[in-house]
Amino acid sequence: MAHTDTARTTPSEPVSRPSSSPQGSAPGGPLARVRGAVGRMDRRFLPILGTLVTLVLMLVIGQARYSTDSTNFISMRLFSNLLVDNSYLLVLAIGMTFVILTGGIDLSVGAVVALVGLVIAQLLIAGAPLPLVLVVGVLVGTLCGLVIGILVQVFDIQPFIASLAVMFLARGLANVVSVQSLGITDEGFATIAGWGLQFGEGSGLWRINSSMLIALVMLAIAFYLLHYTRFGRTVYGLGAGDDGSAVKLMGLNGPRTRVLVYVISGTCAGIAGVLFAFYTRSGFNLTGIGMELDAIAAVVIGGTLLAGGVGFVLGTGAGVLVYGLIQVLIAREGLDSWWTRVFIGVVLLVFVVLQRVISVRRRS
Amino acid sequence: MTASTGRSTAPRTSVLRDIAHHGLFWPVVALVVLILACGLRSPGFLDIEMRDGHLFGQLVDIARNSATPLLLALGMCLVIATGGIDLSVGAVMAISLAVALEFIDSAADGGTLGTALMALLLGLGVALVVGTFNGFLVTVLGIQPFIATLILMIAGRGIAMLITQGQITTVTSDPFKSIGSGFILGIPTPVVIAVGVFVLLSVVVRRTALGMFLESIGINGEASRLSGVKARSTTWIVYVIAGGLAGLAGIVYGAPTMAADANNIGLMREMDAIMVVVLGGTKLSGGRFYLGGVVVGALILSTIERAVIIFHLPSETTPLFKAIVLIAVTVAASPRLRESMQRRRVRADLTSRAKVAA
């Protein structure tokens with residue numbers, strides 16, 4: 001596909017120079033200068049620039065419409081709430097970024113979140129010790145990811161189908177565990193879920209809670225793994241669309257990495273399941289329907305190309321913030337909740353069209 | 001091919017092997033096993049009888065329930081043949097049903113045949129528009145099909161909610177209801193519609209060059225364009241067809257209940273449709289496609305759903321069995337597995353020959 005070809009030429013910076021530098025030095029207004037600056041920038045950062053512009057635009061709209069004399073819309077409180085409400089989505093999207101960078105997809109994560117929540121709730125009701133329960137919960141996710149990885153790598157089944165099968169599997173197992181919402185009343189669990197540090201006072205009050213910290217630590221780990229390790233380079237290499245031959249020629253372990261990205265995504269889904277249980281204090285078999293699509297949309301809005309090989313996990317973080325901000329703006333605007341989905345669709349549309357325009361411009 | 005050395009035995013086994021290697025072999029095996037298992041468990045399962053001039057029986061129910069996934073999957077199969085995917089079909093079902101029922105609700109004479117026909121046409125029209133939009137994104141803007149159709153998968157349900165203003169629109173219109181629950185010549189209407197669409201598509205795709213064009217686009221779009229295939233318009237049409245069929249599926253599925261529940265009509269049906277296409281032996285990577293396989297896949301899907309009831313299992317466990325059948329069929333048909341089996345067979349062949357020589 002032409003789309004992926006243009007994306008793949010991004011790292012070869014020198015190629016861009018001849019075409020873009022005359023444009024930059026050409027006499028003209030500030031617009032040309034901006035265009036020149038964008039042209040000079042490493043082109044890998046272009047999609048993420050779009051994400052940041054979207055984010056800033058939404059913040060400015062929010063600031064202009066919802067600020068009062070006493071409180072600003074843009075505040076620590078806003079960001080703290082965004083992270084508290086979307087920590088599970090951030091963790092899911094981080095795992096999804098690894099998979100999408102290799103050119104794969106993981107549709108199972110929403111169902112895994114439901115399964116993990118129910119397993120945790122059921123084990124706690126049965127009286128199992130809390131640390132064990134949390135570890136088992138995360139490992140359930142890891143196991144689901146491992147199954148996908150094996151189906152994809154060993155049996156050569158397309159990631160879409162392999163993860164679809166595991167999605168059905170996890171949803172079915174969740175239904176077997178319980179078809180009713182199971183409340184979690186364990187004291188230790190409530191302590192961890194409710195832990196937090198508070199800052200500020202009155203309407204400026206904001207806090208740091210446990211799920212937010214876990215999500216941010218995951219983001220830091222993912223950033224390190226992707227940009228400073230051999231494993232990270234292999235992940236990007238697998239997304240080159242050459243069936244891993246370049247990775248193989250470089251002596252990197254492609255097959256192991258391909259399994260590992262699904263294990264990572266599954267583990268992230270397991271952790272997200274725990275965080276979601278923190279958030280709702282319960283397990284329910286119908287949670288997480290379509291959550292995988294939210295995660296995929298956040299990753300795409302974060303500037304990662306679905307074809308693989310191009311993208312940044314920090315962009316995914318920005319994508320999740322955009323996602324959360326849409327919900328905040330819709331709620332502040334007093335619109336019905338289904339407008340959220342329409343707006344997310346519109347933002348997604350604008351974003352992919354922009355990405356497309358940028359990549360066409362780059363080719364010409 | 002190294003496999004040919006293993007084929008040097010009697011011609012009869014080679015015919016058997018050809019059958020076993022046919023794309024539809026494992027899906028048909030899965031379907032037959034499922035139906036036999038149900039038949040053994042519940043002796044009356046295979047009976048079909050005429051009652052009041054209508055066909056009745058478990059198999060008829062399975063055929064009726066297959067209609068919706070079949071309609072969705074036929075369109076999906078054509079899209080997948082071009083190397084694309086359409087994730088929006090479930091949301092399109094909700095939109096077209098919402099439009100059709102809102103029209104009947106607002107019409108002065110909701111019960112007449114004319115109103116029902118108009119509602120049907122409106123529902124289909126909206127679905128075609130959505131399909132055209134998907135096709136535009138994919139072909140003109142060149143956006144990856146997954147993302148292009150993901151947009152409407154996410155937004156579509158919101159749009160359906162806007163149409164019904166967040167309510168579950170319920171109406172009464174006997175002519176409209178009969179689209180989903182009536183009979184034509186004793187056969188359930190949904191079955192007649194689905195079979196009609198299947199026959200029509202098969203003829204159009206296989207009696208003209210369209211099918212070959214689709215496959216060539218799926219294998220290499222650029223090469224087909226250079227060799228004179230109108231890749232853009234052909235791909236576009238396929239998304240329009242998929243959208244229209246999704247709309248039809250939504251109406252057929254929702255007509256018996258006469259309630260447009262925008263949140264739940266067609267929820268996750270796109271995944272079922274993709275599963276049906278894959279069960280039918282069509283690869284997601286595009287190229288070769290099997291419309292006949294789609295029929296088998298749709299029958300497998302609704303037989304699984306029926307089997308869960310017959311075996312007195314809780315209906316919530318259905319996804320579990322879908323997963324098992326999907327994994328079993330795809331792993332059995334996996335080229336990697338087949339290769340390693342062949343290698344083992346060739347190796348055994350060689351060692352036995354070596355023994356004879358020694």
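**Note on the predicted two-chain model**

1. In chain B, B:E215 and B:R206 are joined by a salt bridge, with their closest N and O atoms 3.5 Å apart; a salt bridge here is a side-chain nitrogen of Lys or Arg within 4 Å of a carboxyl oxygen of Asp or Glu. B:E215 is buried, at a relative accessible area of 9%, whereas B:R206 is partly exposed, at 42%. Buried stands for under 20% relative accessible area, exposed for over 50%, and partly exposed for values in between (1.4 Å probe, protein chains only).

2. On conventions: this is a predicted model, in which local features need pLDDT of at least 70 and side-chain atom pairs count only at pLDDT 80 or more, while totals for chains, interfaces and linings use all residues. Residues are numbered from 1 along each chain as its sequence is written, chains are lettered from A and ligands numbered from 1 in the order in which they are written, and side-chain values use heavy atoms, leaving out hydrogens and water.

3. Over all chains, the count of salt bridges is 6. One of them joins B:D272 to B:K322, with the closest N and O atoms 3.0 Å apart. This pair links distant parts of the chain, 50 residues apart: B:D272 belongs to helix α12 (residues 269–279) of chain B and B:K322 to helix α14 (residues 318–332) of chain B. Both B:D272 and B:K322 are buried. Salt bridges with shared partners also join B:R206, B:E215 and B:R288 into one network.

4. A further salt bridge is formed by the side chains of B:R225 and B:E222, at 3.0 Å from N to O. These residues are separated by about one helical turn, because they lie 3 residues apart in helix α10 (residues 221–226) of chain B. B:R225 is partly exposed, with a relative accessible area of 46%, and B:E222 is partly exposed as well, at 45%.

5. The largest nonpolar core holds 198 residues, and those with the most contacts inside it are A:F160, A:I296, B:L150 and B:F176. Such a core is a set of buried Ala, Val, Leu, Ile, Met, Phe, Trp, Tyr and Cys residues joined through side-chain atoms within 4.5 Å. Helix α5 (residues 76–101) of chain A gives the most to this core, 16 residues. Apart from this core lies another, of 5 residues, including B:F45 and B:I62.

6. Beyond its neighbours within four places in sequence, A:F160 is in contact (heavy atoms within 4.5 Å) with residues of both chains, among them A:I105, A:L107, B:I85, B:F146 and B:L284.

7. Chain A has 16 helices and 4 strands, taken as DSSP runs numbered from the N terminus (helices H or I, at least four residues; strands E, at least two). Of its 364 residues, 54% are buried. Helix α15 (residues 313–333) of chain A has 21 residues, of which 15 are buried. The helix is followed by A:G334, whose phi is positive, near 75°.

8. On the surface of chain A, the residues A:L143, A:L146, A:I150 and A:V154 form a nonpolar patch with about 320 Å² of accessible area together. Nonpolar patches join Val, Leu, Ile, Met, Phe, Trp and Tyr side chains within 5 Å, from residues with over 30% relative accessible area and no salt bridge; areas come from the Shrake-Rupley method with a 1.4 Å probe, and for residues only the protein chains shown count as cover. A:L143, in helix α7 (residues 130–153) of chain A, counts as exposed at 55% relative accessibility.

Key
Expected span 1.5 Å × (residues − 1). Patch = residues over 30% accessible without salt bridge, like charges linked within 9 Å, V, L, I, M, F, W, Y side chains within 5 Å.
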